[in-house]
Amino acid sequence: MRAALAPLASSFGWTVEEVDIDADTALEERWGDSVPVLLFGEHELSRHRIDTAAVTAFLLEGSGAKSR
């Protein structure tokens with residue numbers, strides 16, 4: 001997912017923050033079976049594999065551009 005996300009992050013001026021789910025019990029309980037998961041704030045964009053079309057659509061709607 002990291003490699004697929006890099007061009008989108010660059011295009012939209014994102015800074016991607018990777019979080020080690022295993023290092024936090026609460027995150028492990030919530031996301032353990034879904035890793036990798038891509039969130040924009042609390043909005044889930046993808047899990048397991050990046051859905052480039054869905055992520056791009058989300059960003060073009062303005063949701064991503066507003067929160068940069």
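Predicted model: local features only at pLDDT ≥ 70, side-chain atom pairs only at ≥ 80, totals over all residues.

Visitor: Thanks. What volume does the largest pocket have?
Guide: The largest pocket comes to about 860 Å³.

Visitor: And which residues are closest to its centre?
Guide: Those are Val16, Glu17, Glu18, Val37 and Leu38, out of 29 residues that line the largest pocket.

Visitor: How many lining residues are nonpolar, polar or charged?
Guide: The lining of the largest pocket has 15 nonpolar residues, nine charged ones and five polar ones.

Visitor: Let me pick on Glu18. Where does Glu18 lie, and is it buried or exposed?
Guide: Glu18 is in the loop between α1 and α2. Glu18 counts as exposed because its relative accessibility is 53%, and the cut-off for that class is over 50%. As for distances, the C-alpha atoms of Glu18 and Ala6 are 12 Å apart, with the two residues twelve apart in sequence.

Visitor: Good. On to the strands: how many bridges join β1 to β2?
Guide: There are four bridges between β1 and β2 (residues 43-47), and the two strands run antiparallel.

Visitor: Which residues of β2 stand opposite Val37 and Leu38?
Guide: Val37 faces Arg47 across the pair, while Leu38 has Ser46 opposite.

Visitor: How many residues sit between β1 and β2?
Guide: Two residues lie between them, and the strands form a hairpin. Gly41, in the turn, has a positive phi of about 65°.

Visitor: Which non-glycine residue has a positive phi?
Guide: His48 has one, at about 70°. For background, most residues other than glycine have a negative phi, and most peptide bonds are trans.

Visitor: Where does His48 lie, and how exposed is it?
Guide: His48 belongs to the loop between β2 and α3. With a relative accessibility of 45%, His48 counts as partly exposed.

Visitor: You brought up peptide bonds. Which one is cis?
Guide: The bond from Val35 to Pro36 is cis, and its omega is near 0°. Pro36 is part of the loop between α2 and β1.

Visitor: What about Ser34: where is it, and is it buried or exposed?
Guide: Ser34 is also found in the loop between α2 and β1. Ser34 is buried because its relative accessible area is 7%, and buried means under 20%.

Visitor: Which residues is Ser34 in contact with?
Guide: Setting aside neighbours within four places in sequence, Ser34 is in contact with Arg47 and His48.

Visitor: Time for the core. Which residues make up the largest nonpolar core?
Guide: It has twelve residues: Leu5, Leu8, Ala9, Phe12, Trp14, Leu38, Phe40, Leu45, Ile50, Val55, Phe58 and Leu59. The elements that give two or more residues to this core are α1, β1 and α3 (52-60).

Visitor: Which of them gives the largest share?
Guide: That would be α1, with four residues.

Visitor: What does Leu45 touch?
Guide: Leu45 touches Trp14, Leu38, Phe40, Val55 and Phe58, leaving out residues up to four places away in sequence.

Visitor: Are they buried, partly exposed or exposed?
Guide: Leu27 is partly exposed, at a relative accessible area of 26%. Ala53 counts as exposed because its relative accessibility is 56%.

Visitor: Which residues does Leu27 touch?
Guide: Not counting residues up to four places away in sequence, Leu27 touches Val19, Ile21 and Gly32.

Visitor: What C-alpha separation do Ala53 and Pro7 have, and Leu27 and Leu5?
Guide: Ala53 and Pro7 are 46 residues apart along the chain, and their C-alpha atoms are separated by 13 Å. Leu27 and Leu5 are 22 residues apart along the chain, with 21 Å between their C-alpha atoms.

Conventions. Residues numbered from 1 in each chain as written. Heavy atoms only, no water. 1 Å grid on protein atoms, 1.4 Å probe; cavity = no way out; pocket = protein on both sides within 12 Å on 5 of 7 lines; lining within 4 Å. Points joined across faces, edges and corners; volume = space filled by probe spheres on them. Nonpolar A, V, L, I, M, F, W, Y, C, P; charged D, E, K, R; others polar. Pairing = 2+ DSSP bridges. Core = buried A, V, L, I, M, F, W, Y, C linked by side-chain atoms within 4.5 Å. Buried < 20%, exposed > 50% of the residue type's maximum accessible area, 1.4 Å probe, protein only. Contact = heavy atoms within 4.5 Å.
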